[in-house]
Amino acid sequence: MVTIPFLKNNLLSIDIGFRNIKIVEVEVNRNKEIFIKNFGIASTPKGSIKNGAIQDVRAVTNEISKVLKEIGVKTKNAKIVMSGTNIISRVFLVENIPGENLDNTVRMTISQSMPIDLDAHKIDYKVLKEIKDDGVPKVKVFVTAVLKNIIKSYIDILVELGLKPISVDIPANSAAKFFNRDIITTESDTWFKRNKYSKLDQSTLAVIDFGSETTIVNILKDRVLEFNKVILKGSSNIDEAIAESNHVKLDEAERLKKIQGLTPLDLSFDEEQVKIHNSIKGVINEIVRQIFQCFEFYEKRCFGDKVGKVYIIGGGSQLKGLTSYLESVLQVPVYHVGLLSIAGIRINEGLDSDRLNYLINSVGITLS
Ligand SMILES: Nc1ncnc2c1ncn2[C@@H]1O[C@H](COP(=O)(O)OP(=O)(O)OP(=O)(O)O)[C@@H](O)[C@H]1O
Ligand SMILES: [Mg+2]
């Protein structure tokens, strides 16, 4: 009998954040199941990313190289997720003119309503829905535009590392791919929240990535990405606020943030802790205000529905008490998602499971 070799595709995936670079090596099998062989996290060299582009390619590749050696990566095929800043995305309703190429119609619409240089940007669009508007056939499209020279700076990194570039993706795409799969939440959580929020329509959901400098809001309708916006505030702003209110250095402020988080205050808290609490809350409230604006914009200007569920990811989502705080202000169920929460992912035993949480975006783009 002849056994057919089990086709496996090895892939390296790199997610470049302002604070951390997440590197993961996966094996994708024929059933699209993912096996995480290896991973490593590098610190992003300070100042190496400016306006979404890699400013200092050498510094970044040095850090990545070190990690690749440490974890012993053999794969050459690589995908990369770029920083979230400077990606423009919009939803348009365009007329679907018979005989007219939709590409042209979309480009035309963009040139009329987005203040960007069409030649300098790489434009991608996805048809979300075909509708009739007063009898006129129209299509709802989701458009993203990224400066070509920004994309090039990410390809440069892969080339410099001697890797074979497969793709450069935006974080929204990796989140969308990840959340296209079935999410498994813990039993008690699910039971309680399912009851409490049973009346909400949860087919429109938000995936919010709490990063260090940015907070990325993605809205998915029936698992398709329909909205994306990068809020230029993140977990590092909390460190700054604590450093100022409590007169401590940034490292210490970050440590205090992680220890205390947003757990509700009681009488046993001392003055220092109250200051920390207020600093954290101040920044989170500002981020929440902008999240609300996104939800509102999506409903009113992108022809969307009410968000009925929120998933939170990213290093900053580990802030203690954040899930319940967000739930109380947004009035929808909020789930903190780990890598183990989706179907079809296996993980090499012996990998440090505490840090697997960071890998959602890097693993996301390896999914199809
Ligand atoms: N337990 C914790 N509580 C609160 N914050 C945390 C915790 N652990 C990590 N963080 C914060 O998470 C941030 C790093 O997260 P992450 O790696 O997702 O950011 P990044 O992807 O590099 O940034 P960006 O997405 O903005 O480019 C840091 O600001 C760190 O302080
Ligand atoms: Mg990030």
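Start with threonine 214: one of its side-chain N or O atoms is 2.9 Å from an oxygen atom of ligand 1. Keep in mind that this is a predicted model. The protein covers 92% of the 660 Å² of accessible area that ligand 1 has on its own, and the ligand sits in the largest pocket.

**Other polar contacts**
- Lysine 22 brings a polar side-chain atom to 2.7 Å from an oxygen atom of ligand 1.
- Glycine 316 uses its backbone instead, with an N or O atom 3.2 Å from a ligand 1 oxygen.

**Who's in the shell**
- Ligand 1 has 20 residues around it, and the closest are Phe18, Arg19, Lys22, Glu254 and Lys257.
- By residue type, the shell splits into eleven polar, six charged and three nonpolar residues.

**Where the shell comes from**
- H7 gives the largest share, which comes to three residues.
- On the domain level, domain 1 (8-85 + 149-178 + 342-364) and domain 3 (187-235 + 278-336) each supply at least three residues to the shell around ligand 1.

Notes
Residues are numbered from 1 along each chain as its sequence is written. Chains are lettered from A and ligands numbered from 1 in the order in which they are written. This is a predicted model: local features need pLDDT of at least 70, side-chain atom pairs count only at pLDDT 80 or more; totals for chains, interfaces and linings use all residues. Side-chain values use heavy atoms; hydrogens and water are left out. A residue is near a molecule or strand if one of its heavy atoms lies within 4 Å of it. A polar contact is a pair of N or O atoms within 3.5 Å; within protein, one must be able to donate a hydrogen and the other to accept it, and residues adjacent in sequence count only if both atoms are side-chain atoms. Accessible areas come from the Shrake-Rupley method with a 1.4 Å probe; for residues, only the protein chains shown count as cover. On a 1 Å grid over the protein atoms alone, a cavity is a set of points where a 1.4 Å probe fits but cannot get out, and a pocket is an open set with protein on both sides within 12 Å along at least five of seven lines; lining residues have an atom within 4 Å of a point. A molecule sits in a cavity or pocket if more than half of its atoms lie within 2 Å of its grid points. Helices (H or I, at least four residues) and strands (E, at least two) are DSSP runs, numbered from the N terminus. Ala, Val, Leu, Ile, Met, Phe, Trp, Tyr, Cys and Pro count as nonpolar, Asp, Glu, Lys and Arg as charged, and the others, Gly among them, as polar. Domain bounds come from an automatic or database domain assignment.
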